[in-house]
Amino acid sequence: MMKQLLLIFFLLCSRTSGQSGPAAAPSDPTTTSGQSQSTPPVLPPSSVPLVASGPSGSVEITSILKKAGKFSTFIGLLKSTQMDAEINTRLEKSNQGVTIFAPTDTAFSDLQTGTLNTFTDQQKTELARFHIVPSFISMSQFETVSNPVHTAIDGNTVGFPLNVVGNGTHVNMTTGVVNTTVDSVVYSDGQLAVYKIPQVLLSQGILRPQAPAPAPLPPKVKKATPLSSQAPSTPTAASVHPSGGTGLPRYPAAAVSVGLAVLAALSFFL
């Protein structure tokens with residue numbers, strides 16, 4: 001009897017030890033480095049200026065761009081069109097300020113090869129002016145700015161439309177040809193704002209076909225003097241009547257009058 005009880009007890013213990021525990025919950029997917037995968041957030045443009053503002057009255061646009069770096073082509077465009085001097089003069093004499101959208105060197109290199117070289121001097125000046133707004137606009141003011149924005153091209157918004165929309169963290173820009181954004185703040189001191197953009201602002205007004213230069217006028221040719229005015233005078237030939245008769249020669253009226261007077265005088269004495 002004791003052996004039977006031990007056998008039953010042994011069988012029960014074997015069944016209990018053979019049962020497995022609950023399955024473990026699946027672990028979160030991880031990368032090869034052991035970190036969970038996640039989509040990186042889109043960062044807003046940095047509001048911290050790349051170049052710190054200096055003392056009042058010492059602002060010079062090309063110096064600011066040189067300190068920020070990667071704006072060599074835009075600096076060359078401002079200098080060749082003399083817009084750098086115009087910007088500095090406006091900052092000294094106007095209290096409305098200036099806003100500049102500065103394309104990077106990469107932005108210019110992304111243009112079709114030779115684009116700037118094919119531009120006329122007028123097109124280059126318009127291109128430089130299209131990146132300049134004759135008033136100060138802060139990042140927060142882009143939310144309420146009136147569109148289209150009036151640039152330095154004499155406020156022309158027909159051939160040079162610029163629409164800017166901000167939501168507090170991002171600033172989107174469109175010209176009808178280019179859609180881009182503001183990457184970061186290069187400089188801002190309440191009078192001058194410079195923003196870094198990844199594309200060159202082009203418009204239909206800049207890319208319009210240029211009228212060819214008028215052809216030079218041909219030199220004026222002096223009229224030749226008629227030969228009849230140069231030939232010596234000859235006795236007037238008697239006119240020939242259609243019937244074949246010879247008419248009286250055509251003398252000047254003064255000569256005829258003198259002849260008649262002489263004949264009248266002779267007849268009086270005769």
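This briefing describes the secondary structure, helix packing, selected residues and backbone geometry of one protein.

The model is predicted: local features require pLDDT of at least 70, side-chain atom pairs count only at pLDDT 80 or more, and totals for chains, interfaces and linings use all residues. Residues are numbered from 1 along each chain as its sequence is written, and side-chain values use heavy atoms, with hydrogens and water left out. The protein has 10 helices and nine strands, where helices (H or I, at least four residues) and strands (E, at least two) are DSSP runs numbered from the N terminus.

**Overall composition**

- Of the 270 residues in the protein, 27% are buried; buried means under 20% relative accessible area, exposed means over 50%, and partly exposed lies in between (1.4 Å probe, protein chains only).
- Among contacts between residues at least 6 apart in sequence, 64% join residues at least 24 apart, a contact being heavy atoms within 4.5 Å.

**Packing of helices α2 and α3**

- Helix α2 (residues 61–68) and helix α3 (residues 72–80) have axes that come within 10 Å and cross at roughly 170 degrees.
- Axes here are lines fitted to C-alpha atoms, for helices over the stretch in contact, and angles run from 0 to 180 degrees between N-to-C directions.
- The two helices α2 and α3 are therefore roughly antiparallel to each other; angles under 35 degrees count as roughly parallel, over 145 as roughly antiparallel, 65 to 115 as roughly perpendicular and the rest as oblique.
- The crossing of α2 and α3 is left-handed, a term used if the near helix is turned anticlockwise from the far one by less than a right angle, with clockwise giving right-handed.
- On the α2 side, Ile-61, Thr-62, Leu-65 and Lys-66 take part in the contact, and they meet Phe-74, Ile-75, Leu-78 and Lys-79 of α3.
- The residues of this contact comprise five nonpolar, one polar and two charged; Ala, Val, Leu, Ile, Met, Phe, Trp, Tyr, Cys and Pro count as nonpolar, Asp, Glu, Lys and Arg as charged, and the others, Gly among them, as polar.
- An α-helix has 3.6 residues a turn, so residues three or four places apart point the same way.

- Thr-62, located in helix α2, counts as buried because its relative accessibility is 6%.
- The side chains of Thr-62 and Glu-60 are joined by a polar contact of 2.5 Å; such a contact is a pair of N or O atoms within 3.5 Å, where within protein one must be able to donate a hydrogen and the other to accept it, and residues adjacent in sequence count only if both atoms are side-chain atoms.
- Apart from neighbours within four places in sequence, Thr-62 is in contact with Ile-75, Lys-79 and Asp-84.
- Ile-64 also lies in helix α2 and counts as buried, at 6% relative accessibility.
- With neighbours within four places in sequence left aside, Ile-64 is in contact with Val-51, Val-59, Val-186, Tyr-187 and Leu-192.
- Ile-64 and Val-194 are 130 residues apart along the chain, while their C-alpha atoms are separated by 8.9 Å.
- Asn-88, in helix α4, is buried with a relative accessible area of 14%.
- Leaving aside neighbours within four places in sequence, the contacts of Asn-88 are Val-59, Glu-60 and Ile-61.

**Helix α7**

- In helix α7 (residues 121–130), the buried residues are Gln-123, Glu-126, Leu-127, Ala-128 and Phe-130.
- These buried residues of α7 pack against α3, α4 (83–93), α6 (115–118), β2 (132–133) and α8 (204–207).

**Backbone geometry in the loops**

- Most residues other than glycine have a negative phi, and most peptide bonds are trans.
- Lys-70, in the loop between α2 and α3, has a positive phi near 70 degrees and counts as exposed at 64% relative accessibility.
- Gln-82, in the loop between α3 and α4, has a positive phi of about 65 degrees although it is not a glycine, and is exposed with a relative accessible area of 60%.
- The peptide bond from Asn-147 to Pro-148 is cis, with omega near -5 degrees, and Pro-148 lies in the loop between β2 and β3 (163–166).
- Ser-146 lies in the loop between β2 and β3 and counts as exposed, at 60% relative accessibility.
- From C-alpha to C-alpha, Ser-146 and Asn-163 are 8.4 Å apart in space and 17 residues apart in sequence.
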